[in-house]
Amino acid sequence: MLSVIIVNYNVRYFTALCLHSVQRAMRGIEGEILVVDNHSSDGSMELLPRIFPGVTFIASDQNLGFAKANNLALRQAAGSVILFLNPDTVIPEDVLSRTLALLEANGQTGALGIR
């Protein structure tokens with residue numbers, strides 16, 4: 001199972017574009033998407049959960065910073081494979097299936113970066 005973790009801080013429109021691309025890329029893949037909102041003041045938590053009801057949103061009552069926010073979601077993630085994704089990223093529709101196939105083909109791979 002794949003868990004995609006995204007940290008949002010006052011970039012709701014970038015995060016929305018990112019989430020659209022991730023949802024397209026996850027078609028046919030067992031997984032989940034978790035978004036940590038780092039106490040945004042741009043209405044992110046009012047807008048994004050309505051548009052993306054299948055996404056797990058974690059609202060922080062303070063700005064934890066990038067690393068702590070990722071760790072917050074990581075503790076809740078159910079996947080055996082974790083993708084930390086910046087909110088200003090739009091991914092191709094085939095990148096997740098290709099990446100997961102690469103991981104499966106090489107059982108010795110513990111981590112990789114996607115360019």
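A word on the ground rules. Since the model is predicted, local features need pLDDT of at least 70, side-chain atom pairs count only at pLDDT 80 or more, and totals for chains, interfaces and linings use all residues. Residues are numbered from 1 along each chain as its sequence is written, and side-chain values use heavy atoms, with hydrogens and water left out.

Let me start with the whole chain. The chain holds four helices and four strands. Read from the N terminus, the order of elements is β-α-β-α-β-α-β-α. Helices here are DSSP runs of H or I with at least four residues, strands are runs of E with at least two, and both are numbered from the N terminus.

On overall dimensions, the C-alpha atoms fill a box of roughly 45 × 25 × 25 Å along the principal axes.

Of the 115 residues, 41% are buried. Buried means under 20% relative accessible area, exposed means over 50%, and partly exposed is in between, with a 1.4 Å probe and protein chains only. As for contacts, meaning heavy atoms within 4.5 Å, take those with a separation of 6 or more: residues 24 or more positions apart account for 71% of them.

Next, the helix pair. How do α1 and α2 lie relative to each other? The axes of α1, residues 12–25, and α2, residues 44–51, come within 10 Å and cross at roughly 15 degrees. The two helices are therefore roughly parallel to each other. For reference, angles under 35 degrees count as roughly parallel, over 145 as roughly antiparallel, 65 to 115 as roughly perpendicular, and the rest as oblique. The axes are lines fitted to C-alpha atoms, for helices over the stretch in contact, with angles from 0 to 180 degrees between N-to-C directions.

The crossing of α1 with α2 is right-handed. On the α1 side the contact is made by R12, T15 and A16, and on the α2 side by S44, L47 and L48. By type these residues divide into three nonpolar, two polar and one charged. Nonpolar covers Ala, Val, Leu, Ile, Met, Phe, Trp, Tyr, Cys and Pro; charged covers Asp, Glu, Lys and Arg; the others, Gly among them, are polar.

Now some backbone detail. Most residues other than glycine have a negative phi. N10 is not a glycine, yet its phi is positive, about 60 degrees. With a relative accessible area of 28%, N10 is partly exposed.

H39 is another case: it is not a glycine and has a positive phi of about 60 degrees. H39 lies in the loop between β2, residues 31–37, and α2. Its relative accessible area is 45%, so H39 is partly exposed.

V7 belongs to strand β1, and at a relative accessible area of 6% V7 is buried. Leaving aside residues up to four places away in sequence, V7 touches V36, N38, F66, A69, N70, L85 and P87. V7 and I82 are 75 residues apart in sequence and 14 Å apart in space, C-alpha to C-alpha.

V95 is in helix α4, residues 95–105, and is buried with a relative accessible area of 12%. V95 and A59 are 36 residues apart in sequence and 28 Å apart in space, C-alpha to C-alpha.

Last, the loop between α3 and β4. Is A78 in that loop buried or exposed? A78 is found there and counts as exposed at 53% relative accessibility. Not counting residues up to four places away in sequence, A78 touches M1, S3 and E32. A78 and E32 are 46 residues apart in sequence, with 7.9 Å from C-alpha to C-alpha.

S80 lies in the loop between α3 (66–76) and β4 (81–85), and counts as exposed at 66% relative accessibility. S80 and L112 are 32 residues apart in sequence and 14 Å apart in space, C-alpha to C-alpha.

Technical notes
Left-handed = near helix turned anticlockwise from the far one by under 90°.
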